[in-house]
Amino acid sequence: MRLEIQNLSKQYDGKVWALRNFTLALGPGVLGLLGPNGAGKSTLMRILATIANPTEGVVRWNGTDIAQQPDELRGVLGYLPQDFGVYPNLNAVEFLEYLAAVKGIGAAAARRRIEELLALVNLTDVRKRPLGGYSGGMRQRVGIAQALLNDPKLLIVDEPTAGLDPEERVRFRNLLSELSGERIVILSTHIVSDVEATATDIAIVSRGRLVTHAAPEALLAQLDRKVWEWVVKSEELPAARQRFLISTVTRRSDGVHARVVADAPPGTGAQPVPPTLEDAYLDAVAGERRTEGQ
Amino acid sequence: MKSRALYHIARADFLERVRRYSFLVTLAFTLYAAFEANRGNIVVNLGHYRGVYNSAWLGMLLSLTATFLITMVGFYVIKNTVERDQRTGVGQILAATPVGRLAYLTGKALSNLAVVGVIALVLLCAAFGMQLWRAEAAGIDPWKLVAPFLFLTLPALVFLSALAVLFECVPGLRGGFGNIFYFFFWTALLAAGIQTHIGYLDLVGVGFVESSAKQAAHDLPDYTGGFTFQIGPHGGESLRTFVWDGFHWSAEMIAARLGWFVLAFVVLLVAAACFDRFDPSRGIFRRYAVRGRQLARGARAGLTDAENGNGDAPAIAAAAPSAMHLTPLAAGAAEGRFAGVLAAELRLMLKGRSRWWLLVALGLLIGSFAAPAGEARGKVLAFAWLWPVLVWSGMGTRETRHGTAPLIFSSAGALGRQLPAVWFAGALLALVTGAGAGVRWLASGDWAHSLAWIGGAMFIPALALALGVWSGTSKLFEGLYTAWWYAGPVQPTAALDFMGASPSLSPRVPILYCGATLLLLCVAAVGRRRQIRG
């Protein structure tokens, strides 16, 4: 099972490049796709989900070009888009039965699968209620259920935890971890903790380009002894922000505790601290911006 | 502050519309109408006469064309301004501002007026161009060209703009039923203007033109009092010409036209009273408000029970992460089955229809079975195939309207299985609802009508699907189908009778519609392929 993305580019209206020369190869596991707004994550996912064509480059699923033969992938694809709708007059069971039929799943298999999925996403007790009366979080869970209907080998989920409460978020993360063994999962999100909890690989995207692709441990190792906790006075903070990349600040009685990503100690009294994925993400994006600016 | 807000509501809405691809299509259609007028396919005849193409005649001809076409088709073009704010969520933002209902809706009506005004302006320019091109009369008289647009077209457009807003504010008229209702309302208004010659009823202004032109033609030799406004190719008869000096605008005529401005304002006031300000619990329609509250309560109850774990779901909520497991699908379980998709599409199509809807459909089915052969049976079939128009109009647009496109288009067989299933479901619906007439024709060996019945059942969903896929809206089919239904099977006009409602029927017509079905299905497939590939 292999997904290869080679020199993928996507241009909108002949002007804006949403993706540029994006190359990546994936095997089973969870890929956490991180990047700022407008980085090109959703464009990449739409291309991988076969609902957008690249301007340049090729995507191969087990060696087959998905632009030429999209049904090769669609049969084993589960896709949860960032924005999607539901038919408001159908209930969850009817909606999932409909999508199961569209995905070519037989009635009996679909019925069993839907019951199981509704239990999994905690919607069993509201399964007969019209979707028009669902809250945003409940609709999102219906979206998650539909993505898993056909037991996908490639699962693409774009901001899947948006609108979910903390408990449901944890449940979904656990589900992703459980699913990842025998399939490729691509998880795009802004929430670094979601990636931290589930991803076996991380790809950071910025301005349509792949900034880095590595295992979380490797990303963290790159920042070893490069993250510092530095106590500064409140009035010194703006100047510090100008000079250093500060990932978080905490105000305490002795001053502002700033978490600084820098090659050398930012000032006297700065103590090295273990890096987090958030530090790694911010450092990678900032580094890419610096490169772009030069 | 208020006028500025009004201006910006209208401006933003206008810009949003004219920057859409569909507006270019509308302009192209307008230019085509002007081209047809120049070719002599849009004419006003007075028996064997027509006016010399001077400024007065062309101003009248093009303004009448503009008023006629815009009031008929333009309504469907502009009836989406409030709905767009609802759909995009901008309405929620606007609802939280101090802008009042009347101001908001006036801004929307002004935007409507600007859109249809651009269309009328194109036809006014065409009138100038035609006079130069045809060169039948020397000297352009700008006032005589412009005045009919000011006194005939503008009041009609102002009223239409307000009426479109009203339709969007009244539950029941907002959707497909309103689109169909408008066509009949417009037809009634047109007939009232022509038959009564009462200025206050004559929205399109045909009655005005008729009175004025007949008066001028009164003394022409061989003139017996005929008047025709015709859109479409005429018999090729060469017409004699006479010089028409234009309207003599009396105070009474102008007052009658200005009356539409007053009526437009009244319509806006009614719309403001009905407008719910994007909150179903407001407005005067209490029934809908109660329904909306019930829905909201249902959603809240769902949240309370399911999300807070207070309902029957705690066992699931409390399930340990390690207990989560999905049974793999058996091999072969996901092999495509067309029948399954077809059943799902049929269910989706009919879901939400009330018992009353089914009862009426059943009544029409029995009626078409019981009706005697000939005109009566054809007429009942025509009504049996008007009733499901709102079901067919959802075909091809449902995925876009409800935002399910990415879910469906990323599925295997979205083009090869789901799209044919949608059409097949629509055709099955047509066959079943029209089965009364069809079965009787088959049983009596009336093969021409049987073929027309089958051809019609295939053609209607193909038309709905093709228009839906390409336009992304159900309005185009609703408007076009209703007009076609009226002109073809109801009038009846042989070439437009796609269902064989007229007693005398040439077998060539159903064969033609079978061919058109194939073409439309190809058009729909190409459009869907384009949608799938982004």
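This is a predicted model: local features need pLDDT of at least 70, side-chain atom pairs count only at pLDDT 80 or more; totals for chains, interfaces and linings use all residues.
Local features need pLDDT of at least 70 and side-chain atom pairs count only at pLDDT 80 or more, while totals for chains, interfaces and linings use all residues. Residues are numbered from 1 along each chain as its sequence is written, and chains are lettered from A in the order in which they are written.

**View 1. Helices α20 and α21 of chain B cross each other.** The axes (lines fitted to C-alpha atoms over the stretch in contact, with angles from 0 to 180 degrees between N-to-C directions) of α20(B), residues 435-443, and α21(B), residues 447-471, come within 8 Å and cross at roughly 150°; helices here are DSSP runs of H or I with at least four residues, numbered from the N terminus. The two helices are therefore roughly antiparallel, a word used for angles over 145 degrees. In α20(B), Ala437(B), Gly438(B), Trp441(B) and Leu442(B) meet His449(B), Ser450(B) and Trp453(B) of α21(B), where contact requires C-beta atoms, placed from the backbone, within 7 Å.

**View 2. Chain B touches chain A.** Here 48 residues of chain B are in contact with 54 residues of chain A. The largest share of the chain B side, eight residues, comes from α11(B).

**View 3. Leu463(B) belongs to the largest nonpolar core.** Such a core is a set of buried Ala, Val, Leu, Ile, Met, Phe, Trp, Tyr and Cys residues joined through C-beta atoms within 7 Å, and buried residues have 20 or more other C-beta atoms within 10 Å of their own. Of its 150 residues, Phe95(A), Leu187(A) and Leu463(B) touch the most other members. Leu463(B) touches Phe477(B), Tyr481(B) and Leu520(B), not counting residues up to four places away in sequence.

Methods:
Angles under 35 degrees count as roughly parallel, over 145 as roughly antiparallel, 65 to 115 as roughly perpendicular and the rest as oblique. Two residues are in contact if their C-beta atoms, placed from the backbone, lie within 7 Å. A residue is buried if 20 or more other C-beta atoms lie within 10 Å of its own, exposed if 12 or fewer, and partly exposed in between; C-beta atoms are placed from the backbone.
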